[in-house]
Structure formats: structure tokens, C-alpha cells
Amino acid sequence: MNTIDSAAVPRPPIYTAETYRPERSLGLLMRQVLTSILQEADRRLDVLDLTHAQWLPLFQLLCRPEDTTAVTLARDLQVDPAGVTRVLDRLEAKQLVRRERSCTDRRVVNLALTDTGRAVAEQVPPVLTEVLNQHLHGFSVEEFEQLMGLLRRLLANGEAMRAPVVAPRDEGAA
């Protein structure tokens with residue numbers, strides 16, 4: 001049996017400049033799916049007086065409560081640190097989040113959910129799972145796993161494009 005790594009087999013490009021059309025854009029379709037998910041989650045979480053920009057950090061703090069700073073939160077959410085600071089200010093004003101100086105390094109300010117913030121954040125996962133499951137209606141578990149695998153592969157390809165290129169060493173140089 002001949003096994004060939006399918007990633008190593010040269011394939012023709014999927015897109016060409018001559019035939020590319022927005023209605024066939026993978027990026028646009030992924031944006032539309034994400035927008036649909038976020039809009040529905042926002043609609044359902046509106047009763048908590050939360051926007052996407054607010055419920056996402058609350059959910060992140062619920063899932064990863066230890067040693068989270070504004071900088072790590074911005075990195076994890078892939079958003080601008082200044083934007084995270086503004087959202088945290090709003091969440092702090094709503095008494096959902098508090099900032100605490102680190103006991104080991106006074107320069108570090110960790111984020112923590114208040115009791116009220118935890119109670120609100122705990123309402124996010126059931127809404128998200130319901131919204132995601134409705135978007136996945138009709139998918140089998142196998143189709144879902146295949147979709148996840150394909151999206152991970154797409155992400156890995158994108159990350160590989162951003163990887164630094166290491167120039168070969170010149171063996172003759174001193």
C-alpha cells in the first residue's frame with residue numbers, strides 16, 4: 001500500500017484572480033458565520049445588559065481566572081489592549097470585574113470576577129452552547145469534527161505564512 005502525505009502533494013490553487021468572486025470567498029463566509037453567531041448570542045444576552053465586547057471577557061475570566069491581566073486578556077481574545085481597558089472600565093463600573101494588585105509583583109494588576117460578575121458570567125455558556133448547537137443543526141458529530149479539523153488546518157496554514165523565515169547559514173563565514 002502506497003501512503004502519500006496529502007499535504008505534500010502539489011495541488012492546483014483553489015482561487016485564481018480571474019475567477020475569484022466574493023460569493024465564493026472563504027473569508028467572507030467565515031465572517032458571515034461568526035457574525036451570525038455573535039449577533040444571536042448578543043440578542044440572547046441582552047437581558048443581562050451585556051454586549052459581545054463585554055460578555056466575551058467575562059466568559060474568558062470564568063474559564064481562566066488565574067493570573068489574568070488586561071494584556072493577557074487582550075492577547076487571548078485577539079483584540080487591542082486599549083479596547084480591553086475600556087471594556088474593563090465598563091465592567092468594573094457595573095461591578096462585574098475588579099482589578100487587584102499582584103501580591104508578588106506590585107506592577108502587575110490581575111483581573112477577577114466579582115461575585116455578581118461570576119453569576120452573570122455563568123449564564124454565558126448555556127447561551128453560547130444553545131446558539132452554536134442551533135448553527136450546527138443537521139451536522140453529525142463526525143461532520144462537526146471534520147469541520148473543526150479543516151478549520152484548524154486552515155489556521156495552521158495561516159500561522160505558517162507568518163512564521164519567521166530563517167536564512168540558511170553561510171558555512172564559509174567566520
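At 72% relative accessibility, Arg 107 counts as exposed (over 50% relative accessible area; buried is under 20%, partly exposed in between, with a 1.4 Å probe and protein chains only). This is a predicted model, where local features need pLDDT of at least 70, side-chain atom pairs count only at pLDDT 80 or more, and totals for chains, interfaces and linings use all residues. Residues are numbered from 1 along each chain as its sequence is written, and side-chain values use heavy atoms, leaving out hydrogens and water.

**Salt bridges**
- Arg 107 meets Asp 105 in a salt bridge (2.9 Å, N to O); the term means a side-chain nitrogen of Lys or Arg within 4 Å of a carboxyl oxygen of Asp or Glu.
- Asp 105 is partly exposed, at 22% relative accessibility.
- Searching the whole structure turns up ten salt bridges.
- Another one joins Arg 75 and Asp 76 (3.6 Å, N to O); Arg 75 is exposed at 54%, while Asp 76 is partly exposed at 28%.
- Glu 40 pairs with Arg 44, their closest N and O atoms 2.6 Å apart.
- A network of salt bridges links Glu 40, Arg 43, Arg 44 and Glu 130.

**Aromatic pair**
- There's one aromatic pair in the structure (ring centres of Phe, Tyr or Trp, using the six-membered ring for Trp, within 6.5 Å; planes under 30 degrees apart are stacked, over 60 edge-to-face, the rest tilted).
- Tyr 15 and Tyr 20 make that pair, edge-to-face, at 5.2 Å centre to centre and 70° between the planes.
- Tyr 15 is partly exposed at 37% relative accessibility, and Tyr 20 is partly exposed at 36%.
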